[in-house]
Amino acid sequence: QNSANTKASPEQVLGVTIMLEARYRTMACLTEKSGYTLVDMPCGYTPRAIEFARKGLLYYGLDLPVVIREASEKILALIPAEQRELARFREVDATNYASLEKALEDIDGPACITTEGLLMYFTDSEAGALCDNIRRILEKKGGCWYTADVECSLQYVLVMRALVGDRFREIMKNATQQTKDKSDVEIGKNALIASPADMEGSIRKAMAFLAKHGLKAERVNVSENMPKLDSLDRVSPEQAAAVCEGMKHCAFWKITP
């Protein structure tokens, strides 16, 4: 999206499309493999509830009240009546344990909590509260927490570099400015967001932050779990191969108590 001061280039839009599809489809694969009840937090405006209901899988979509009020009715209308009970939308404040506990009180068995596009907007204290809350839920229910957020910056860099070569720096700078223009918080400044400039050091820092909150993580390779992406049909075979090669260096984090 364009901001007040900058305009997105076609290459930037395409790069984001590829990155988001890779994230969305890979996360769906990992969730289904887990065999646990999906807790999508934040669920946003995606069609995942529809896809899971079609497969007969239970789905919990958690987000801020404004999102749930806008999205849930419209999404449920796209699900056949006999499958509608499988899609459950709940209003939640992820930093408030009572809110999270109430939203998930009727889950029977382990949960697979997924987070795509949330952690980078939190302060350290907010991220810490979220970690504490998720740990308590997992200790109570069992299961795991997958997040794409820790290494999302690296994924973006590698996708853009595969598409435009050295021009990726200019596009990344533009994208950062757009985000700043549209946000009222600092982006990616907490200890859980790894920096491409120092992946090894920032990964250690993120692991230590999780440990402080009673959690441990394993890195799950994106390339090994990523299905075919429709968006790669829009680029050259060489660019598609470069994107897939880049994904070999990216990971989601599987977090447990």
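A disulfide is taken here as a pair of cysteine sulfur atoms within 2.5 Å, and by this criterion the predicted model holds zero disulfides. The cysteine sulfur closest to that of Cys-144 belongs to Cys-112 and lies 4.1 Å away, which is too far for a bond. Cys-144 has a relative accessibility of 1% and therefore counts as buried. Cys-244 is likewise in no disulfide, the nearest cysteine sulfur being that of Cys-250, at a distance of 11 Å; with a relative accessible area of 31%, Cys-244 is partly exposed.

The strands β1 to β7 form an open sheet of seven strands, arranged in the order β3-β2-β1-β4-β5-β7-β6 and with mixed pairing. From one strand to the next, the twist averages 25°. Strands of a sheet pair through backbone hydrogen bonds, in either a parallel or an antiparallel manner. Strands β5 (residues 143–147) and β7 (residues 251–256) run antiparallel and are joined by three bridges, and Tyr-146 has Lys-254 as its bridge partner in β7.

Two helices that pack on this sheet may be described in turn. Helix α3 (residues 65–76) touches β2 (59–63) and β3, and its direction makes about 165° with that of β3. Helix α8 (residues 199–212) touches β6 and β7, and the angle between its direction and that of β7 is about 20°.

Helix α6 (residues 152–164) comprises 13 residues, which at 1.5 Å a residue should span 18 Å; the C-alpha atoms at its ends are 18 Å apart, in agreement with this expectation. The helix is mostly covered, eleven of its 13 residues being buried. The buried positions of α6 include Cys-152, Leu-154, Gln-155 and Tyr-156, together with the run Val-157, Leu-158, Val-159 and Met-160, and towards the end of the helix Ala-162, Leu-163 and Val-164 are also buried. These buried residues pack against the helices α1 (10–34), α7 (168–182), α8 and α9 (237–247), and against strand β7. After α6 comes Gly-165, which has a positive phi, near 65°.

Conventions:
Residues numbered from 1 in each chain as written. Predicted model: local features only at pLDDT ≥ 70, side-chain atom pairs only at ≥ 80, totals over all residues. Heavy atoms only, no water. Buried < 20%, exposed > 50% of the residue type's maximum accessible area, 1.4 Å probe, protein only. Pairing = 2+ DSSP bridges. Helix = DSSP H or I, 4+ residues; strand = E, 2+ residues; numbered from the N terminus. Axes fitted to C-alpha atoms, helices over the stretch in contact; angles between N-to-C directions. Contact = heavy atoms within 4.5 Å. Expected span 1.5 Å × (residues − 1).
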